[in-house]
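Entries follow in the order I looked things up.

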Amino acid sequence: MQIYVVKEGDNVDRIASFMGIPVDVLLYDNQIQYPYRLAVGQALFIRGGREGQRTPLYVSGYAYPYIQNDVLESTLPWLTAIYIFSYGFTMDGDLVPPMKNEEWIIAAAKRQGVRPVLTLTPLGSDGHFNNNLVTALVQNRDMQEKLLWELGSVMNRMGYGGLDIDFEYVQAIDREAFARFVDFAAQVMNLFGYPVSVALAPKTSRNQTGLLYEGMDYRLLGEAANRVMLMTYEWGYTYGPPMAVAPINMVRRVAEYALTEIPANKISLGIPNYGYDWPLPYVRGTTKATTLGTQEAVQLAIDHGVEIRFDETAMSPYFRYWQYGILHEVWFEDVRSIKAKFDLVKEKGLSGVGYWQLMRYFRANWLLLEEMFVVERGNYG
């Protein structure tokens, strides 16, 4: 496996000849569409056979029930589990199903031997995480029992194979109670063969301050759940200043801290499958970035004739372009940034990766994963 970075004057025929691969393979692997234009600085995946030992890897990713069928079918062969987003709950402990029925995703996953996992979130009616819902649940055992009973019933009826608890903005006062809830959920679900995972905000120290972090006790949650997923993304975010979504220097710090609290065989590293486009100048509280995928980002650079640059500290690609008199800055993921994360997984002996989210298909990511790892499959059906 190699990564080729496009230079001035390159074209697909010249690159394929230079790298010794058929041009149709180059086009397919990198989703290059006719008329086969390239951006200077664009990173291309060059398959080259598997070298060295491929380690087993638990591969998961989140998907909404409105994912396109072709994207789902193309992605499932690369997954151990698909986390379907999401079920919510009310202040009375009643389960709230997704707005779109997810049975078709469960059926597709089971056909391909992928474990469908129910994701539970405290999303309010406004679509945002509601920490009052979290407090109501984790401080009330009767409410927990009611909710877990409903969850078990739905999981059994729908054919789910596991539970993922994705609670964000857990308040500091709920830190221990939240961990006790996860422990209770795991004890109950494990009795019926359902593993329980929990998503963790990206902390770099035990007593890190901030609404995202104070309610997350890595040690207690790591002991309670069968698996944890580090949400190692969103340093660059919709309302924040332009920067890499998952700079590897920060991702590394989170992984290294997590390993002081949680065994490596329980940890999945979060990987973003998206980037952001910010209009400039950035004004806090006003500027809003738009989300885009890798292919969309590269196409923007091609359309505007700009070079894609690469930040060696963040290990992330970026570029700027002008449109309608407005300067934009784009940060996204490519095979170089993904490989940096895969290398970290291998270096630290982590057992999995988890993608937020699977709504766009980035083929080179999966081909790269296949060159470096063996995807764990449970023959789930």
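**Salt bridges**

I began with R252 and E256, whose side chains meet in a salt bridge at 3.5 Å, N to O. The model is a predicted one, and I kept that in mind throughout. I checked where the two residues sit: both are in helix 9 (residues 248-261), four residues apart, about one turn of the helix.

I then ran the search over the whole structure and noted 18 salt bridges. One of them joins R37 and D303, with the closest N and O atoms 2.8 Å apart. I asked which parts of the chain this pair links. R37 is in the loop between helix 2 (23-29) and strand 2 (43-46), while D303 is in helix 10 (residues 294-303). The two are 266 residues apart, so I logged the pair as a link between distant parts of the chain.

My next pair was D334 and R336. Their side chains form a salt bridge at 2.7 Å, N to O. Buried or exposed, I asked of D334? D334 is buried, because its relative accessible area is 5% and the limit for that class is 20%. R336 is at 13% relative accessibility, so R336 also counts as buried.

I also found a network. Salt bridges link R175, R206, D217 and E261. A reminder to myself: side chains of opposite charge can pair when their charged atoms come close.

**H328**

I moved on to H328, which is in strand 15 (residues 326-331). H328 has 13% relative accessibility and therefore counts as buried. Which side chain makes a polar contact with H328, I wondered? D277 does, at 2.8 Å. I listed the contacts of H328 next, leaving aside neighbours within four places in sequence. D277 is in that list, together with W278, P279 and L280. The list also holds F319, R320, Y321 and Q323.

**Strand 4**

Last, I took strand 4 (residues 81-89). How many of its nine residues are buried? The count came back as nine of nine, and I noted the strand as mostly covered.

I went through its partners one by one. Strand 3 (residues 55-63) pairs with strand 4 in the parallel sense, over four bridges. On that side I found Y62 opposite Y83 of strand 4. Strand 6 (residues 115-120) also pairs with strand 4 in the parallel sense, over five bridges. There Y87 stands opposite L120 of strand 6.

The remaining entry is strand 5 (residues 95-96), which runs antiparallel to strand 4 and is joined to strand 4 by two bridges. G88 is opposite V96 of strand 5. I looked at the hairpin that strand 4 and strand 5 make and noted five residues between the strands. In that hairpin, G93 takes a positive phi near 85°.

How values were computed: Residues numbered from 1 in each chain as written. Predicted model: local features only at pLDDT ≥ 70, side-chain atom pairs only at ≥ 80, totals over all residues. Heavy atoms only, no water. Salt bridge = Lys/Arg side-chain N within 4 Å of Asp/Glu carboxyl O. Buried < 20%, exposed > 50% of the residue type's maximum accessible area, 1.4 Å probe, protein only. Polar contact = N/O pair within 3.5 Å; in protein donor to acceptor, adjacent residues only side chain to side chain. Contact = heavy atoms within 4.5 Å. Pairing = 2+ DSSP bridges.
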